[in-house]
Amino acid sequence: MRLLHTSDWHLGRSFHGVGMLDAQRNFVDQLVALVESASVDVVLIAGDVYDRALPGLDVVKLLDEALVRITQAGAAVVLTSGNHDSAIRLGFASRLLERGGVHLRTHVEELDVPVLFPLGVNDPKEGSTGLGHVAIYGIPYLEPRLVAERLGAENATHFDVTQAAVERIRKDVQKRQESGPVYPVVLAHTFASGGVTSESERDLSIGGLGAVPLDLFEGFAYTALGHLHGRQELAPHVRYSGSPLAYSFSEAKHHKGAWLVDLNAGGAVAVEEVLWEAPKALATLRGTLEELLESDEHAWAENAYCQITLTDAQRPAQAMDRVRARFPETLVLSFDPQGAQARTSTSYSNRLAAAEDDLGVCCGFLEHVRGRDANEAEEAALRDALEAVRLQEAAQ
């Protein structure tokens with residue numbers, strides 16, 4: 001049986017103000033093409049399907065189209081909810097959708113109710129082949145304060161509720177194995193110890209207390225994790241697929257993709273990486289304005305989404321306009337002046353106290369808010385304005 005492990009689609013998300021629906025449609029196109037070409041039996045989506053609990057109508061329509069196309073391409077879908085999703089809304093009509101090959105696991109009460117696939121068959125409705133069953137369990141995102149009592153967990157912590165959920169699954173697996181071979185696959189939207197984070201994930205808890213130990217998932221044929229946006233292997237059979245698109249500049253060096261997972265009789269598992277083609281590259285550039293505008297080294301970034309940090313000792317005038325003349329898709333511009341430590345260490349109040357006259361106060365304010373001194377023309381304009389005020393006051 002061939003599974004495709006994905007997660008964190010975050011449909012409806014924007015990237016620094018740029019809508020990403022077209023890029024997400026492109027990802028769906030690639031996914032459906034892979035389902036067809038690689039004969040994928042089941043697509044796994046380990047949470048954060050949507051970016052918001054109340055997605056827009058066009059976003060809901062995109063998911064609807066994606067699920068229809070995946071099932072038409074011959075694969076079933078097993079989907080669980082993440083911390084960005086509304087479990088209740090995402091789980092709506094789950095019994096009806098199951099008839100069409102879309103299996104939702106968004107409720108705590110269903111986490112130990114697997115989707116059973118006879119090994120060697122990609123339709124749960126078909127009869128057993130005698131090789132056993134792949135049992136796919138979905139653990140939705142578990143908010144400890146809301147589910148601890150329902151799961152019988154001793155404490156309202158991520159570790160305790162996840163441990164209680166996994167124990168329920170283990171008991172169900174043991175019961176089913178009495179009737180024949182069962183190969184358990186678990187979807188879990190959580191932060192497992194050892195995972196590498198990025199800036200675009202929402203913290204599950206304060207101070208890192210949301211991490212759960214990796215050994216909770218021992219004994220399963222495969223654990224498909226969601227939440228972290230970087231594709232990574234924590235153990236041979238415990239992996240994050242990561243998000244299909246970059247959702248922050250901290251992911252500029254990620255190679256976005258998924259995992260193809262083959263399960264064979266006897267429990268053998270083979271995992272292969274899949275890469276998605278990004279519609280636009282990300283660039284994080286740093287240097288003086290002159291260096292960035294003149295260097296051939298940065299030519300590749302001219303059509304990329306850019307995050308640029310200028311290191312000029314004084315903030316250049318019209319910086320964004322000048323940067324965008326070469327890098328029109330610059331979305332983030334920040335300043336880290338080099339060689340101006342003495343200037344930046346002086347507080348604004350000290351600058352005002354050191355000002356010799358009203359012109360010094362005005363120029364100090366201008367330098368404070370924009371990071372560079374007033375030029376001659378600006379000083380002249382301020383001097384004229386102050387003189388006009390002086391004359392007006394003298395005439396009263």
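Modeller: Two strands pair if DSSP finds at least two bridges between them. Keep that in hand for this predicted model.

Biologist: What makes strands β15 and β16 a pair?

Modeller: Strand β15 covers residues 257-263 and strand β16 covers residues 269-275, and seven bridges join them in the antiparallel sense. The cut-off is at least two bridges, so seven bridges make β15 and β16 a pair. One of the bridges can be named: Leu260 has Glu272 of β16 as its partner.

Biologist: What do β15 and β16 form, and how many residues are between them?

Modeller: They form a hairpin, with five residues between the strands. Gly266 sits in the turn and has a positive phi of about 95°.

Biologist: Which residues other than glycine have a positive phi?

Modeller: Asp8 is one of them, with phi near 55°. Gln318 is another, with phi near 50°. Most residues other than glycine have a negative phi.

Biologist: Is Asp8 buried or exposed?

Modeller: Asp8 is in the loop between β1 (2-6) and β2 (14-15). Its relative accessible area is 0%. Buried means under 20%, so Asp8 is buried.

Biologist: And why does Gln318 count as buried or exposed?

Modeller: Gln318 lies in the loop between β18 and α8. Its relative accessibility is 60%. The cut-off for exposed is over 50%, so Gln318 counts as exposed.

Biologist: On to α8. How do you know on which side of α8 the buried residues are?

Modeller: The helix spans residues 319-326, and its buried residues are Ala319, Val323 and Arg326. They cover an arc of only 55° around the axis, so they are on the same side of α8. An α-helix has 3.6 residues a turn, so residues three or four places apart point the same way.

Biologist: What do the buried residues of α8 pack against, and what does the face turned away carry?

Modeller: The buried residues pack against α7 (289-294), β18 (305-310) and β19 (330-335). The face turned away from the buried side carries the exposed residues Asp321 and Ala325.

Biologist: Which residues point each way from strand β6?

Modeller: Val102 and Leu104 point one way, His103 and Arg105 the other, and all are buried. Strand β5 (residues 76-80) pairs with β6 in the parallel sense over four bridges. Val78 has His103 of β6 as its bridge partner.

Biologist: How many cavities of 30 Å³ or more does a search of the whole structure find?

Modeller: The search finds one. The largest cavity has a volume of about 60 Å³. Its lining residues are Ile139, Pro140, Tyr141, Leu142, His158, Thr162, Ala188, His189 and Thr190. The elements giving two or more residues to this lining are α6 (158-177) and β9 (182-189).

Biologist: How does the lining of the largest cavity divide into nonpolar, polar and charged?

Modeller: The residues divide into five nonpolar, four polar and no charged.

How values were computed:
Residues numbered from 1 in each chain as written. Predicted model: local features only at pLDDT ≥ 70, side-chain atom pairs only at ≥ 80, totals over all residues. Heavy atoms only, no water. 1 Å grid on protein atoms, 1.4 Å probe; cavity = no way out; pocket = protein on both sides within 12 Å on 5 of 7 lines; lining within 4 Å. Points joined across faces, edges and corners; volume = space filled by probe spheres on them. Nonpolar A, V, L, I, M, F, W, Y, C, P; charged D, E, K, R; others polar. Buried < 20%, exposed > 50% of the residue type's maximum accessible area, 1.4 Å probe, protein only. Arc of directions from axis to C-beta. Contact = heavy atoms within 4.5 Å.
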